[in-house]
Amino acid sequence: MNRYCLALDLKDDPMLIAEYERWHQGIWPEIRQSILDAGIVVMDIYRFNNRLFLIMETDSSFSFERKAAMDEANPKVQEWELLMWKYQQGIPGAGQGEKWVLMEKMFSL
């Protein structure tokens with residue numbers, strides 16, 4: 001099992017943040033299935049103010065390249081991602097149009 005941590009910022013607007021959280025209380029079934037089909041076994045998102053941290057655990061079938069290809073071929077995922085851009089913005093240091101940024105592990109106990 002592999003663990004990955006990613007970060008993203010939401011637009012700093014309390015109403016948009018609340019709306020974003022409501023969307024995630026009931027994600028579309030197709031989105032849930034696409035996550036599982038990609039080999040993601042556990043996915044948790046934590047929020048502090050407008051900063052999000054996503055922690056996911058994956059099985060051996062997972063790769064970011066495979067997940068990206070699956071997402072690109074899935075119209076429902078594309079629809080969801082377009083909708084989520086209303087609330088999201090790149091974290092400082094992210095590339096143009098880049099959403100979730102992979103964090104580098106710097107300590108373990």
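**View A. Asp-71 is buried, with a relative accessible area of 17%.** Welcome to a set of close-ups of a predicted model. Asp-71 counts as buried because its relative accessible area of 17% falls under the 20% cut-off. This aspartate has its place in helix 3. Setting aside residues up to four places away in sequence, Asp-71 touches Val-77 and Gln-78.

**View B. Helix 2 packs against helix 3 at an angle of about 150 degrees.** Here, helix 2 covers residues 29-37 and helix 3 covers residues 64-72, and their axes are 10 Å apart. That angle makes helix 2 roughly antiparallel to helix 3, since angles over 145 degrees count that way. The crossing of these two helices is right-handed. From helix 2, look for Ser-34, Ile-35 and Asp-37, which meet Arg-66, Lys-67 and Met-70 in helix 3. By class, the residues of this contact divide into two nonpolar, one polar and three charged.

**View C. Helix 2 also meets helix 4, with axes that cross at roughly 110 degrees.** The axes of helix 2 and helix 4 come within 9 Å. Helix 2 and helix 4 are therefore roughly perpendicular to each other. On the helix 2 side you will find Glu-30, Ile-31 and Ser-34, and these meet Lys-76, Val-77 and Trp-80 in helix 4. The contact of helix 2 with helix 4 has three nonpolar, one polar and two charged residues.

**View D. Helix 1 and helix 4 pack at an angle of about 155 degrees.** The axes of helix 1 and helix 4 are 11 Å apart. The angle makes helix 1 roughly antiparallel to helix 4. Tyr-20, Trp-23 and His-24 of helix 1 make the contact with Trp-80, Leu-83 and Met-84 of helix 4. This time the residues of the contact divide into five nonpolar, one polar and no charged.

**View E. The largest nonpolar core has 19 residues.** Leu-10, Tyr-20, Ile-31, Met-56 and Tyr-87 are the residues with the most contacts inside this core. The elements that give two or more residues to the core are strand 1 (2-10), helix 1 (14-25), helix 2, strand 3 (51-58) and helix 4 (75-84).

**View F. Ile-55 is found in strand 3.** Ile-55 is partly exposed, with a relative accessible area of 26%. Apart from neighbours within four places in sequence, the contacts of Ile-55 are Arg-3, Tyr-4, Cys-5, Val-42, Met-43, Asp-44 and Tyr-46.

**View G. Asn-49 lies in the loop between strand 2 (40-48) and strand 3.** What is the phi of Asn-49? The value is near 55 degrees, which is positive in a residue other than glycine. For background, most residues other than glycine have a negative phi.

Notes:
Residues numbered from 1 in each chain as written. Predicted model: local features only at pLDDT ≥ 70, side-chain atom pairs only at ≥ 80, totals over all residues. Heavy atoms only, no water. Axes fitted to C-alpha atoms, helices over the stretch in contact; angles between N-to-C directions. Helix = DSSP H or I, 4+ residues; strand = E, 2+ residues; numbered from the N terminus. Parallel < 35°, antiparallel > 145°, perpendicular 65-115°, else oblique. Left-handed = near helix turned anticlockwise from the far one by under 90°. Contact = heavy atoms within 4.5 Å. Nonpolar A, V, L, I, M, F, W, Y, C, P; charged D, E, K, R; others polar. Core = buried A, V, L, I, M, F, W, Y, C linked by side-chain atoms within 4.5 Å. Buried < 20%, exposed > 50% of the residue type's maximum accessible area, 1.4 Å probe, protein only.
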